[in-house]
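These notes are meant for someone opening the model without having seen it before.

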Amino acid sequence: MIAIAFVVAAFFGAVTRYVADVLLPRYGILLANIAGSAIAGVVGGLILGYADLAEQARLIWITALAGSLTTFSTVSMSTAHHVMAGSLGRAVGTWTLHIVASLAVATLGFTLAITSFS
């Protein structure tokens with residue numbers, strides 16, 4: 001049953017990322033990375049201290065859903081494209097925005113989950 005939930009969550013995350021990228025070509029991947037990081041942060045905070053649920057929840061929600069929703073490779077390729085085009089400032093800006101925003105929402109989600117349910 002865990003394997004089926006994993007596949008469904010991964011499918012949903014990947015399709016959501018694809019749709020976001022198609023519908024919002026300049027911001028879809030950024031929004032997907034932010035949403036996936038927020039999900040990972042909240043779930044990470046919620047499962048803290050629940051060892052029996054932690055592994056299953058981590059696999060389904062963080063690895064499958066958030067992992068397939070977020071995309072390190074797409075941001076890397078976008079950044080490499082900017083570098084190759086001579087837009088170093090845009091490359092650094094793109095990379096920084098994705099990393100800082102994703103880290104911020106993951107931390108915020110984790111903190112909110114811990115403080116709300118402790």
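1. Helices (H or I, at least four residues) and strands (E, at least two) are taken as DSSP runs and numbered from the N terminus. With that rule, the protein chain has 5 helices and 0 strands. Its order along the sequence reads α-α-α-α-α. The C-alpha atoms occupy a box of roughly 50 × 30 × 20 Å along the principal axes.

2. A word on the basis of these notes. The model is predicted, with local features needing pLDDT of at least 70 and side-chain atom pairs counted only at pLDDT 80 or more, while totals for chains, interfaces and linings use all residues. Residues are numbered from 1 along each chain as its sequence is written, and side-chain values use heavy atoms, with hydrogens and water left out.

3. Burial comes next. A residue is called buried under 20% relative accessible area, exposed over 50%, and partly exposed in between (1.4 Å probe, protein chains only). Of the 118 residues in the protein chain, 28% are buried.

4. V15 and S68 are 53 residues apart along the chain, and their C-alpha atoms are separated by 8.6 Å. For A20 and A32, 12 residues apart along the chain, the C-alpha separation is 6.9 Å.

5. Which residues form the nonpolar patch on the surface? They are F11, F12, V15, Y18, V19, V22, L23, L24, Y27 and L31, with about 1,000 Å² of accessible area together. Patches are built from residues with over 30% relative accessible area and no salt bridge; like charges are joined within 9 Å, and nonpolar side chains (Val, Leu, Ile, Met, Phe, Trp, Tyr) within 5 Å. The areas come from the Shrake-Rupley method with a 1.4 Å probe, and for residues only the protein chains shown count as cover.

6. Side chains of opposite charge can pair when their charged atoms come close. A salt bridge here is a side-chain nitrogen of Lys or Arg within 4 Å of a carboxyl oxygen of Asp or Glu. The count by this rule is 1. It joins the side chains of E55 and R58, at 2.7 Å from N to O. Both residues lie in helix α3 (residues 51-69), 3 residues apart, or about one turn of the helix. E55 is partly exposed at 42% relative accessibility, and R58 is partly exposed at 32%.

7. The largest pocket holds about 360 Å³ of space. On a 1 Å grid over the protein atoms alone, a pocket is an open set of points where a 1.4 Å probe fits, with protein on both sides within 12 Å along at least five of seven lines; lining residues have an atom within 4 Å of a point. Grid points are joined across faces, edges and corners, and the volume is the space filled by probe spheres set on the points.

8. The lining of the largest pocket has 16 residues, with P25, R26, S78, T94 and H98 nearest its centre. Helices α2 (28-47), α4 (72-84) and α5 (88-116) each supply at least two of the lining residues, and α5 gives the most, with 5. By class there are 6 nonpolar, 7 polar and 3 charged residues. Here Ala, Val, Leu, Ile, Met, Phe, Trp, Tyr, Cys and Pro count as nonpolar, Asp, Glu, Lys and Arg as charged, and the others, Gly among them, as polar.

9. The second largest pocket has a volume of about 160 Å³. Its lining consists of N33, S37, T70, T71, F72, V75, W95, H98, I99 and S102. Helix α5 supplies the largest share of this lining, 4 residues. The classes here are 4 nonpolar, 6 polar and no charged. H98 is among the residues nearest the centre of the largest pocket and also lines the second largest pocket.
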